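Thanks for coming, everyone. I'll keep this short. Let me put the structure up first.

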Amino acid sequence: ATVSLAGEPYVARVGGVTVARSERAMILEEVNGAKTYAPVVYFPRDDIAQDMLEPSDHTTHCPIKGDARYFTVKADGLTLENAAWTYPAPLRGVAAVKGYVAFYPDKVAVEKTA
């Protein structure tokens with residue numbers, strides 16, 4: 001996995017509501033054997049509307065990234081269970097995403113912005 005600065009501003013939206021906007025986003029690209037995953041945009045916690053993130057009890061483990069904790073996103077009248085995640089103590093190769101949050105693209109629209 002590789003992590004790099006996006007170099008362009010990104011926004012995350014639920015319907016008409018902006019959940020996150022950042023000029024400091026990171027892009028994590030992961031290749032696992034023959035499988036290449038879509039790049040994932042990670043937003044600094046400071047650039048996310050904290051009142052729209054509610055910690056959930058859900059956790060997962062990735063052998064490349066470490067243990068993830070999840071958030072339910074509440075925005076635009078919707079409650080999106082486990083729609084965002086963070087790695088509180090990411091493994092060495094992806095340590096740059098500590099303090100950053102990513103969103104599932106099928107639940108939260110993430111795109112470059114002007």
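Start with Ala-6. Its relative accessible area is 18%, so Ala-6 is buried. Buried here means under 20% relative accessible area, exposed means over 50%, and partly exposed is in between, with a 1.4 Å probe and protein chains only.

A word on the source. This is a predicted model, where local features need pLDDT of at least 70, side-chain atom pairs count only at pLDDT 80 or more, and totals for chains, interfaces and linings use all residues. Residues are numbered from 1 along each chain as its sequence is written, and side-chain values use heavy atoms, with hydrogens and water left out.

Back to Ala-6. Where does Ala-6 lie? It sits in the loop between β1 (2-5) and β2 (10-14). Strands are DSSP runs of E, at least two residues, and helices are runs of H or I, at least four; both are numbered from the N terminus. Leaving out residues up to four places away in sequence, Ala-6 touches Ala-25, Met-26 and Ile-27. Touching is a contact: heavy atoms within 4.5 Å. Tyr-42 is 36 residues from Ala-6 along the chain, and their C-alpha atoms are separated by 9.1 Å.

Next, Thr-86. This residue belongs to strand β10 (residues 78-86). Buried or exposed? Thr-86 counts as buried, because its relative accessibility is 7%. Its side chain reaches the backbone oxygen of Tyr-100 at 2.7 Å. Tyr-100 is also among the residues that Thr-86 touches, again not counting those up to four places away in sequence.

Now the whole protein. How many helices and strands? Zero helices, twelve strands. Buried residues make up 39% of the 114 residues. Take the contacts between residues at least 6 apart in sequence: 49% of them join residues at least 24 apart.

Then overall dimensions. The C-alpha trace spans about 40 × 35 × 25 Å along its principal axes. The radius of gyration is 13 Å, which agrees with a compact globule, because 114 residues would give a value near 13 Å. That radius is taken over C-alpha atoms, and the globule rule is 2.2 Å times the number of residues to the power 0.38.

Last, the surface. The accessible surface comes to about 6300 Å², and 51% of that belongs to carbon and sulfur atoms. Areas come from the Shrake-Rupley method with a 1.4 Å probe; for residues, only the protein chains shown count as cover.

Definitions and conventions
A polar contact is a pair of N or O atoms within 3.5 Å; within protein, one must be able to donate a hydrogen and the other to accept it, and residues adjacent in sequence count only if both atoms are side-chain atoms.
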